[in-house]
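Let's take a look at the charged pairs in this one, then move on to a sheet and a helix residue. Here is the structure.

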Amino acid sequence: MKTREVELVVGPREPHYVGDGFRVHNFIPSAYRLDMQRMNPVIMMDYNSKFNFPPSVRPKGVGVHPHRGFETVTIAYKGKIEHHDSSGGGGIIGEGDVQWMTAAGGVLHKEFHESEWSKKGGEFQMVQLWINLPAKDKMSKPKYQSIANDKINRFNLADDKGEIEIIAGEYQGIKGSATTFTPLHLFNAKLKEGGLATFSFPTNFNTALLVIEGNVVVNGENKVPTDNFVLMANDGETFTVSADEDSIVLVLSGEPIDEPIAAHGPFVMNTRAEIAQAFEDFNHGKFGFLED
Ligand code: MN
């Protein structure tokens, strides 16, 4: 199979705060060549690189806000996050856990550091992705998947060189734990020093990597340090990731949704009229109710 080459390697941008609890580097859509269409169906990536939050009696985070038209996927690497939404979904995710919230037709939610964790503070690291929904599913019923780390299916690399956590999609015949609306692969590749994993996705699937820990080499020649993002080209299927030291790499690859994107703030629809409708529905309380 043809090799998929590296298109772009980008370091973390200047961080900004989402609420007061998430100190994030935005890679999608703000980085060069990474607009919402380029990595579609992954239309947003915020990365809270390792950051030490001091103890706080009042949990830091982001208060009640709406979403419509897509899914939010939160992956905790360090620290704990507590979430509640107006459809009744919610829970606590800790190290290695994943929260998959389908906002679809509309939810209100809030996202905070978990209260006990907040009192102690400490190292915090997480990724939030927004996954687009096809037009036919944008107004479907909200749902919530809470995926504890021990429920994530794994593929063990030969010679004890690490494992691939399959959050969604499929790797080496092993299916992921989350259900998705369109074809999407989402893995944590946990490679030990000297470990190598091969990935293969259809050429048209938009594909990227984020190095969470360690240092890796893509296709045997592109060195990528911690906190860097790699956009893979759509010129082939197969690529390799090898680890110079114990490393964690978030691997994303999805079939593009071939539809227009109209985005404004917390709403991602297909047309400006649908965005205006979302604001109107929100202002008329049609996203339900959630206590502050
Ligand atoms: Mn949110």
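Arg 154, Glu 163, Glu 165 and Lys 190 are linked in a network of salt bridges; a salt bridge here is a side-chain nitrogen of Lys or Arg within 4 Å of a carboxyl oxygen of Asp or Glu. This is a predicted model, where local features need pLDDT of at least 70 and side-chain atom pairs count only at pLDDT 80 or more, while totals for chains, interfaces and linings use all residues. Residues are numbered from 1 along each chain as its sequence is written, and side-chain values use heavy atoms, with hydrogens and water left out.

How many salt bridges does a search of the whole structure find? The search gives 14.

| Pair | N to O distance |
|---|---|
| Arg 58 and Asp 20 | 2.7 Å |
| Arg 68 and Asp 281 | 3.0 Å |
| Lys 136 and Asp 137 | 3.0 Å |

Take Arg 58 and Asp 20, which meet in a salt bridge. Arg 58 sits in the loop between strands E4 (42-53) and E5 (61-67), and Asp 20 in the loop between E2 (16-18) and E3 (22-28), so the pair ties together parts 38 residues apart in sequence. Helices (H or I, at least four residues) and strands (E, at least two) are DSSP runs, numbered from the N terminus. Asp 20 has 24% relative accessibility and counts as partly exposed. The cut-offs are under 20% relative accessible area for buried, over 50% for exposed, and partly exposed in between (1.4 Å probe, protein chains only).

Arg 68 pairs with Asp 281 in a salt bridge. With Arg 68 in the loop between E5 and E6 (70-78) and Asp 281 in helix H3, this pair ties together parts 213 residues apart in sequence. Both Arg 68 and Asp 281 are buried.

As for the Lys 136 and Asp 137 salt bridge, Lys 136 is exposed at 70% relative accessibility, whereas Asp 137 is buried at 12%.

Beyond its neighbours within four places in sequence, Ile 275 is in contact (heavy atoms within 4.5 Å) with residues including Ala 262, Phe 267 and Met 269.

Elsewhere, 4 strands make an open antiparallel sheet in the order E18-E23-E20-E21; two strands pair if DSSP finds at least two bridges between them. E18 (196-200) and E21 (222-224) stand at the edges with a single partner strand each, so one side of each has no neighbour in the sheet. E18 and E23 (residues 238-243) pair over 5 bridges, and Phe 199 stands opposite Phe 239 in E23.
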